[in-house]
Amino acid sequence: MVPEVEPDHALMIEENHPNTMLIDPKRGRFPCCIVWSPLPVLSWFIPFIGHIGICREDGVILDFAGPNFVSVDNFTFGAPTRYFQISREQCCCLSPCATEHTGEYVQSHDESESNANTWESSIRKSIQEFQHQSYSIFTCNCHSFVANGLNRLGFQAGGWNVVNLAIFIFLKGRWVNKTSIVKTYLPSLVVLGLGLIFGGGTFLTYLVIFMFVLIGWFLLGTYCFKKLIHV
């Protein structure tokens with residue numbers, strides 16, 4: 001148990017585990033990582049769409065899970081199946097003199113704002129922002145939260161949105177283990193097989209239309225109507 005502190009600061013308390021930068025899937029610890037897991041039902045039809053979160057330096061997962069709610073250490077749709085670990089060298093907005101693990105995460109708001117940017121202070125600002133955001137899968141979702149955090153960190157010079165983030169984790173994300181591959185793609189193969197058996201070409205046509213409509217929405221909302229999808 002951690003000591004009682006203010007809610008915003010409690011989110012950022014490091015657990016002081018040794019070798020905190022080591023990934024430990026059994027304990028659900030992915031230090032400085034982006035993590036991804038498939039969504040029930042939706043990922044069965046479109047397997048590259050899923051739920052995403054970003055992790056603290058001690059590996060605890062944070063994800064935007066609902067209206068005004070950032071979940072801590074309880075990834076909403078089960079254990080991550082993919083991850084990508086970020087190094088400090090890839091984040092241009094982090095102070096080069098700031099240590100990764102100061103062990104001093106409980107501090108006053110004024111003090112944290114005046115200090116140079118650290119991983120934790122950047123992520124804390126995203127948490128504070130999304131704790132006052134309504135959740136919508138179409139306009140403000142888990143990808144919005146992670147993209148916001150990556151932009152604050154200056155990961156690969158920033159410019160992250162829900163579209164390029166989804167493409168990035170799909171192409172660059174590493175599988176946690178072989179079981180994760182099965183967990184991600186087996187339901188899709190079953191749904192596709194059953195759909196073709198019972199629906200044939202009609203099922204395939206509607207599936208393609210659904211994919212184009214959903215992908216088109218995020219493309220238009222991201223690149224044509226830039227204030228439509230929150231980041």
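Author: **Helix packing and its setting**

The protein chain has eight helices and six strands. These are DSSP runs numbered from the N terminus: helices are H or I with at least four residues, strands are E with at least two. In sequence order the pattern reads α-β-α-β-β-β-β-α-α-α-α-β-α-α.

The model is predicted, so local features need pLDDT of at least 70 and side-chain atom pairs count only at pLDDT 80 or more, while totals for chains, interfaces and linings use all residues. Residues are numbered from 1 along each chain as its sequence is written, and side-chain values use heavy atoms, with hydrogens and water left out.

Confidence comes next. pLDDT is the predictor's confidence in each residue, from 0 to 100. The protein chain averages 86, and 82% of the residues score at least 70. One is residues 1-19, with 38 contacts beyond four places in sequence. The other is residues 99-114, with 27 such contacts. A contact means heavy atoms within 4.5 Å.

Now the helices. Two packed helices are described by the angle between their axes and the distance between the axes. Axes here are lines fitted to C-alpha atoms, for helices over the stretch in contact, and angles run from 0 to 180 degrees between N-to-C directions.

Take H7 (residues 178-198) with H8 (residues 200-224). The axes of H7 and H8 come within 5 Å and cross at roughly 130°. H7 and H8 are therefore oblique to each other. The classes are: under 35 degrees roughly parallel, over 145 roughly antiparallel, 65 to 115 roughly perpendicular, and the rest oblique. On the H7 side, Val191, Leu192, Gly195, Leu196 and Phe198 make the contact. On the H8 side, Gly200, Phe203, Leu204 and Leu207 do. By class, this contact has seven nonpolar, two polar and no charged residues. Nonpolar covers Ala, Val, Leu, Ile, Met, Phe, Trp, Tyr, Cys and Pro; charged covers Asp, Glu, Lys and Arg; the others, Gly among them, are polar.

H8 also packs against H6 (residues 162-172), with axes 8 Å apart and an angle of about 125°. That makes H6 oblique to H8. Val162, Val163 and Asn164 of H6 meet Phe218, Leu219, Thr222 and Tyr223 of H8. The H6 contact with H8 counts five nonpolar, two polar and no charged residues.

H6 leads on to the cores. A nonpolar core is a set of buried Ala, Val, Leu, Ile, Met, Phe, Trp, Tyr and Cys residues joined through side-chain atoms within 4.5 Å. Buried means under 20% relative accessible area, exposed over 50%, and partly exposed in between (1.4 Å probe, protein chains only). Of the 231 residues in the protein chain, 44% are buried. In soluble globular proteins, nonpolar side chains tend to be buried together.

The largest nonpolar core has 28 residues. Ile34, Trp119, Phe145 and Leu150 have the most contacts inside it. Two or more residues come from each of strand S1 (33-38), strand S2 (50-55), strand S3 (61-66), helix H4 (119-130), helix H5 (142-153) and H6. H5 gives the most to this core, six residues. Beyond four places in sequence, the partners of Trp119 include Cys32, Cys33, Ile54, Ile86, Cys91, Leu94 and Leu153. Another core lies apart from this one, with nine residues, among them Leu42, Ile46, Val162 and Val163.

Phe45 sits in helix H2 (residues 42-45). Phe45 is partly exposed, at 32% relative accessibility. Outside four places in sequence, Phe45 touches Val191, Phe203 and Leu207. The C-alpha atoms of Phe45 and Val208 are 9.8 Å apart, across 163 residues of chain. For the protein chain, residues 24 or more positions apart account for 66% of the contacts with a separation of 6 or more.

Last, the loops. Gln156 lies between H5 and H6. Its phi is near 50°, a positive value in a residue other than glycine. Gln156 is partly exposed, at 43% relative accessibility. Asn68 lies in the loop between S3 and strand S4 (69-72). Asn68 also is not a glycine, with a positive phi of about 60°. Its relative accessible area is 44%, which counts as partly exposed.
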